[in-house]
Amino acid sequence: MVSAQVTFCVVGHHQRRDMATRLADMLSAHLLIDEEDHGANWNHRRAIEWASQQDCRVVILEDDALPLPDFTQGVNEWLAKFPDNLISFYLGTGRPPQYQQHIAASLIDADRCRAAHISMDRLIHGVCYSPPVSGLSRIMQNWNRTKAADYAVGDALGGKVIYPCYSLVDHADGVTVERHPDNQPRVERRRAWRLAVSP
């Protein structure tokens, strides 16, 4: 797979416009700014709609994603391996807390059998992911506007989500701009479990 077969879309909040613009410029990405506090669910749905109009695979990043130096090469390699799967290029600590023990156990199992990825039944991060082209219409048909954006994407598609054991992006763990459905403050450290290379 060559780079021309992948394009990028950055979803950003107006309070992080500079951060979002820098990221979009770095990746030559399409930029979708939420100007009126509609929320992440609304903006990620816009990204899915935009992706469905492209003739290649799309990688969607949030404005606080921190791509590693070999990000695009790594993305191409993973998309070539899993053309029909939803792939998350970020596997994070802290949030959501109910999945952290499962992640830790899965990474230990992967190390034991020298696997390069784990899989889960849900997309639990919206930081950086790529839905399969074949699943975009299903995601739009099954979209739930009441869910957190990451859950909305993965639950609408269904099936296993691929997570590389070594994330291709980290997360700039700053102050949240999203009003989360659970109304819980984000106080845990939200960084990648492991990184593919040192940032």
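How many bridges join β3 to strand β7 (residues 128-130)? Two bridges join them, and the strands run antiparallel.

## Basis of the report

This is a predicted model, in which local features need pLDDT of at least 70, side-chain atom pairs count only at pLDDT 80 or more, and totals for chains, interfaces and linings use all residues. Residues are numbered from 1 along each chain as its sequence is written, and side-chain values use heavy atoms, with hydrogens and water left out.

Strand β3 comprises residues 57-62. Helices (H or I, at least four residues) and strands (E, at least two) are DSSP runs, numbered from the N terminus. Strands are said to pair if DSSP finds at least two bridges between them. With β7, the bridge partner of leucine 61 is cysteine 128. Strand β1 (residues 6-13) pairs with β3 in the parallel sense over six bridges; here isoleucine 60 of β3 is the bridge partner of cysteine 9.

Strand β3 is mostly covered, as six of its six residues are buried. The term buried denotes under 20% relative accessible area, exposed over 50%, and partly exposed in between (1.4 Å probe, protein chains only). In a regular strand the side chains alternate between the two faces of the sheet. Both faces of β3 are covered: one side carries Arg57, Val59 and Leu61, the other Val58, Ile60 and Glu62, and all are buried.

## Arginine 45 in helix α2

Helix α2 (residues 40-52) contains arginine 45. This arginine 45 is buried because its relative accessible area is 15%. Its side chain makes a polar contact with the side chain of glutamate 49 at 2.8 Å. A polar contact is a pair of N or O atoms within 3.5 Å; within protein, one must be able to donate a hydrogen and the other to accept it, and residues adjacent in sequence count only if both atoms are side-chain atoms.

Not counting residues up to four places away in sequence, arginine 45 touches Met140 and Trp143 (contact means heavy atoms within 4.5 Å).

## Loop residues with positive phi

Serine 28 is located in the loop between α1 (17-27) and β2 (30-34). Although serine 28 is not a glycine, its phi is positive, at about 50°. Serine 28 counts as exposed because its relative accessibility is 65%.

Aspartate 37 occupies the loop between β2 and α2. Its phi is near 60°, a positive value in a residue other than glycine. With a relative accessible area of 33%, aspartate 37 is partly exposed.
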